[in-house]
Amino acid sequence: MREITTPLDRETILSLHAGEHVLLSGVIYTARDAAHLRMMDCIRQGQELPFQLSGQVIYYAGPSPTPPGAVVGSIGPTTSMRMDAMTPALLERGLAGMIGKGGRSEEVCRCMQENPSVYFVAVGGAAALGAQCVKHLEVIAWDDLGPESVKKLEVEKLPLIVAVDAYGADAFQEGQNAYLRQRGEMKK
Amino acid sequence: MVRELDACQIEETVRELCIRACRELPCDIEQRMKEAAGEEDWDSARSILELLLENARVAREHAVPICQDTGMAVVFCEIGQDVHISGSFEEAVLRGVRRGYTEGYLRKSVVADPLRRKNTGDNTPPVIHLRLVPGDRVRLTVAPKGAGSENMSRMTMLTPAQGMEGVRQFVMETVRLAGANPCPPMILGIGIGGNFERAPEMAKEALLDPLDTWNPDPFYAELEKEWLRQINETGIGPQGLGGRTTCLGLHIHQEATHIACLPVAVNVGCHVTRHATAVL
């Protein structure tokens, strides 16, 4: 399986295609609903964001608490569409990738073409396995948000699927259509 | 004869059930997922189902949550009318949830207020459903529900004339709108009848039914089978990436309703529709 590392450069982004399976390594940042709202406040007020967006990847995730002796609790993706309205502002400022589950709005997909970037999905609910890919965790902002704080993660070979690529192709539509076509043929 | 039950026992049991529910996938779901993996004719879908089975195994063996979203705790309580509980029942349930989520390293996903949204820090309060039943036992079920699937649930008031076909269309529309979001393969609980508040309650209760059973009324059992078949023809598949396995199970709970009413609620559950039960 193809392996990629963060930060994502333009060449890597443009070489990824919807439906492709990859293993991602390097530093990524968790941010979900509440952290996105605060990032929008930062942007409105001209303040710095907790991390530089350029080339970086955001994981829409709020892990469960870390038990003694572990690096992280269980961790998997949350539903991405709740972040849709706040995503273009981040893509326009250099965000290169997002990890979540479920589909994205047309506006996000269009913005991903204008600002070449990739939307990956991790398998939702496979969070006990997800934890095994996290090698380091550090809360870097908004600790008061608990599970929703911004965390810097170092991941190794995190299994992902390219769900929407920088060309606007969508693995959900393509996957479902391919399956239905095959089934149609099988019935004949 | 009234049986005395100390509220501490309720607290201990709720604590244990919270932890167990979040770490151990119910056997019937695991079994159904194994069967679905065997029946799945699309390779990528089968590999996702196998990954989910592996995840459930790792969670059980390492005693960690199956999914990071350990949900809001929903506690169903059936209280025998011949039981007297010494101490505050509600406080005991609350303390049990607090201890379960804290001591079990489960995620604290509850905010105190829907608009001001400050995390309570201990996953309380839970949602408590109480029922008085004959006998001197107390039956407690903890069913933590994540928001990815709960957010995809829907409710409507149909007209009697819309009938069975109206209900079917609403169910199919709910599945289509949910798509990849609720972590399919999903499990559906459908409440039909009652009134505006009862239908969603029945839908949630229906999620607790074992996947290897059907509605005891053959008329509704037929609907369950037919709708399940239709949902598994949509092609949504595991995680919405295509495949046969869109829904692992579907249960209907139905109840008497008003001559002018046809309330319908569909509670969408994910592939980790957790619940654990104990009888005291």
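Predicted model: local features only at pLDDT ≥ 70, side-chain atom pairs only at ≥ 80, totals over all residues.
Author: Residues are numbered from 1 along each chain as its sequence is written, and chains are lettered from A in the order in which they are written. Local features need pLDDT of at least 70 and side-chain atom pairs count only at pLDDT 80 or more, while totals for interfaces use all residues.

Reader: How much area do chain B and chain A bury between them?
Author: About 3,100 Å², with 61% of it on carbon and sulfur atoms. Buried area is the accessible area (1.4 Å probe) that two parts lose on being put together, summed over both. Of the area that chain B buries against chain A, 22% is supplied by Gln68(B), Tyr105(B) and Leu241(B), more than by any other three residues.

Reader: Why is Ser64(A) called buried?
Author: Its relative accessible area is 2%, and buried means under 20% (1.4 Å probe, protein chains only), so Ser64(A) qualifies. Its side chain reaches the backbone nitrogen of Ser74(A) at 2.7 Å. Leaving aside neighbours within four places in sequence, the residues in contact with Ser64(A) include Gln68(B) and Tyr105(B).

Reader: What makes Asn232(B) buried or exposed?
Author: Its relative accessibility of 15% is set against the limit of under 20%, so Asn232(B) counts as buried. Asn232(B) sits in the loop between α8 and β8 of chain B. Among the residues that Asn232(B) touches, not counting those up to four places away in sequence, is Arg183(A).

Reader: How do you know that the span of helix α8 of chain B agrees with its 14 residues?
Author: The expected span is 1.5 Å times one less than the number of residues. For residues 218-231 that should be 20 Å, and the end C-alpha atoms are 20 Å apart, so the two agree. Helices here are DSSP runs (H or I, at least four residues), as strands are (E, at least two), numbered from the N terminus.

Notes: Heavy atoms only, no water. Buried < 20%, exposed > 50% of the residue type's maximum accessible area, 1.4 Å probe, protein only. Contact = heavy atoms within 4.5 Å. Polar contact = N/O pair within 3.5 Å; in protein donor to acceptor, adjacent residues only side chain to side chain.
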